[in-house]
Amino acid sequence: MLDIASNSSELPIEIARRRTFAIISHPDAGKTTLTEKFLLYGGAIQMAGQVRAKGEARRTRSDFMQMEKDRGISVSASAMSFDFGNYRFNLVDTPGHSDFSEDTYRTLTAVDAAVMVVDGAKGVESQTRKLFEVCRLRDLPILTFCNKMDRESRDTFDIIDEIQENLAIDVTPASWPIGTGREFLGCYDMLNDRLELMDRADRNVVAETIEIQGLDDPKLAQHVPEHLLATFLEEVEMARELLPKLDKKSVLEGHMTPIWFGSAINSFGVKELMDGIGDFGPEPQVQNAEPRQIAPDENKVAGFVFKVQANMDPKHRDRVAFVRMASGHFKRGMKLTHVRSKKPMAISNPVLFLASDRELADEAWAGDIIGIPNHGQLRIGDTLTEGETLKVTGIPSFAPELLQGIRAGDPMKSKHLEKALMQFAEEGAAKVFKPMIGAGFIVGVVGQLQFEVLASRIEMEYGLPVRFETSQFTSARWVSGDQQAIDKFVNINKQHISYDHDGDVVYLTRLKWDIDRVGRDYPDIKLSATKEMMV
């Protein structure tokens, strides 16, 4: 029987066994490799693709866009569902690159926990810190995996101190490394008194496990060389004295993170981390919505769209809306109400993902992530229910930090370009603004790399070469306030005004002074850098 969290009434078994989580980290900490190994242990794939291997072998399963394959980075969050032991894992792999942080922020609204991957040599890096802040805002429970222990890495206490100081969270070791770099032998499992030994010969082999009776068991000396054993015993004793004990309630409240050490590329420490997600990770949680919250054990089905991916299958020009189920037991063919348009939608071909591979989903429970292929009816922030008018809240859209004009290489194809841009705007891949005065569009993104991704996708998916041009504007703010005040403001500042793809008024600025001037001259107008994606 599964362990049911004591703070809730008992969830139905199918819902209680769901664990929905995202993997977050700085680029290159080994996040995609870890995702691969999760799939390997879940029996979803036979052999993990090497991110750095040669030729076809380097095609990892979670990176399915051409650009991701070419560069060996993730630029789009992808979802995967698989069974592991008694549990059903719904894993969302997010882009680590800061240029795609908005996709990651939105993904974090759809999960119940996060696995933070830290590089053993580099410790806590800037992007990890940023993403951690978002988890903190949502009180997400966090489990930590310290990767690359088989390379030269820092002192274990240093890593733990850095996490505690930088992220202001208690850290408790779930395992302890024996040796580092070339001498890294494996870990001592502090929760179950086991010795885990790493096999360097075959990267797809599960570690050898030796049960031991406490730290004075003579078996330890048979497997660990003398010079490493003395240091290891001393460190574990200090860790038990100085570091807090694992407290499940504190982990679920987001105040404490258990840390596992390992090497994802060598499949080491991954199974222990997965066991930890099952044992200490939260079940599906209550979802914030207006006018009331949605509890996972409600009988009626509700879900919300947190991501839209266009052209996952380039032959079909399809759009798949990623929907997080918030409550109930969904069955294929059900009619759900699309709250924004108040129209019923028959969900006849929902899919479950394994990155770009998909299979028809006959059913889904609260906590699951399903894909609904559609032709643009579903947008980020949309809620689907069995009739009740509920709107899920807290899905943000951020003001872009870089703005550029865009033109089609062939002027005759400007209509095609408009269609492509609208599609990417709905997907959340970029902001698209239509200026009130003049022709053309202005595209806004968070990071420079997004322009390259956009140009490459428009060319590959629409056969349209495009070029970006510098824009006189440097930032954008959404305009809100009383309708009369907005109309007056728009009339006087036409040269700064544009509209986003939802038709909302946006004020484009050249200098910080423009924003200060609006604050001074128009007290009734509010300019904001984020917009809630609720329609």
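Buried means under 20% relative accessible area, exposed means over 50%, and partly exposed lies in between (1.4 Å probe, protein chains only). The model is predicted: local features need pLDDT of at least 70 and side-chain atom pairs count only at pLDDT 80 or more, while totals for chains, interfaces and linings use all residues. Residues are numbered from 1 along each chain as its sequence is written, and side-chain values use heavy atoms, with hydrogens and water left out.

**Exercise 1. Salt bridges**

Task: Find which residue forms a salt bridge with D368, and decide whether D368 is buried or exposed.

Solution: 
- A salt bridge is a side-chain nitrogen of Lys or Arg within 4 Å of a carboxyl oxygen of Asp or Glu. The whole structure holds 22 salt bridges.
- The partner of D368 is R18, with the closest N and O atoms 2.7 Å apart. This pair links distant parts of the chain, 350 residues apart: D368 is in the loop between β20 (363–365) and β21 (369–374), and R18 is in strand β1 (residues 18–25). Strands (E, at least two residues) and helices (H or I, at least four) are DSSP runs, numbered from the N terminus.
- D368 counts as buried because its relative accessibility is 3%. R18, at 5%, also counts as buried.
- For another case, take R292 and E298, whose closest N and O atoms are 2.9 Å apart. R292 is partly exposed at 29%, and E298 is partly exposed at 22%.
- Salt bridges with shared partners join E14, R17, R18, D83, R88 and D368 into one network.

**Exercise 2. Helix α6**

Task: Check the span of helix α6 (residues 156–167) against 1.5 Å a residue.

Solution: 
- The expected span is 1.5 Å times one less than the number of residues.
- At the start of α6, a side-chain oxygen of D155 comes to within 3.1 Å of the backbone nitrogen of F157.
- The buried residues of α6 include F157, I160 and L167.
- After α6 comes A168, with a positive phi near 50°.

**Exercise 3. Aromatic rings**

Task: Describe the geometry of the aromatic pair F184 and F268.

Solution: 
- Rings of Phe, Tyr and Trp (its six-membered ring) pair if their centres lie within 6.5 Å; planes under 30 degrees apart count as stacked, over 60 as edge-to-face and the rest as tilted. The count comes to 12 aromatic pairs.
- F184 and F268 are edge-to-face, with 5.7 Å from centre to centre and 80° between the planes.
- F184 lies in the loop between β7 (175–178) and β8 (186–189), and F268 in the loop between β11 (256–261) and α10 (270–280), so the pair ties together parts 84 residues apart in sequence.
- F184 and F268 are both buried.
- Ring pairs also link F21, F38, F82, F84 and F89 into a cluster.

**Exercise 4. Backbone in the loops**

Task: State where K342 is placed and whether K342 is buried or exposed.

Solution: 
- K342 is in the loop between β16 (335–338) and β17 (343–346).
- With a relative accessible area of 69%, K342 is exposed.
- Its phi is near 60°, a positive value in a residue other than glycine.
- D193 also has a positive phi, near 50°. D193 sits in the loop between β8 and β9 (194–197), and is partly exposed at 25%.
- The peptide bond from E290 to P291 is cis, with omega near 0°.

Notes:
Polar contact = N/O pair within 3.5 Å; in protein donor to acceptor, adjacent residues only side chain to side chain.
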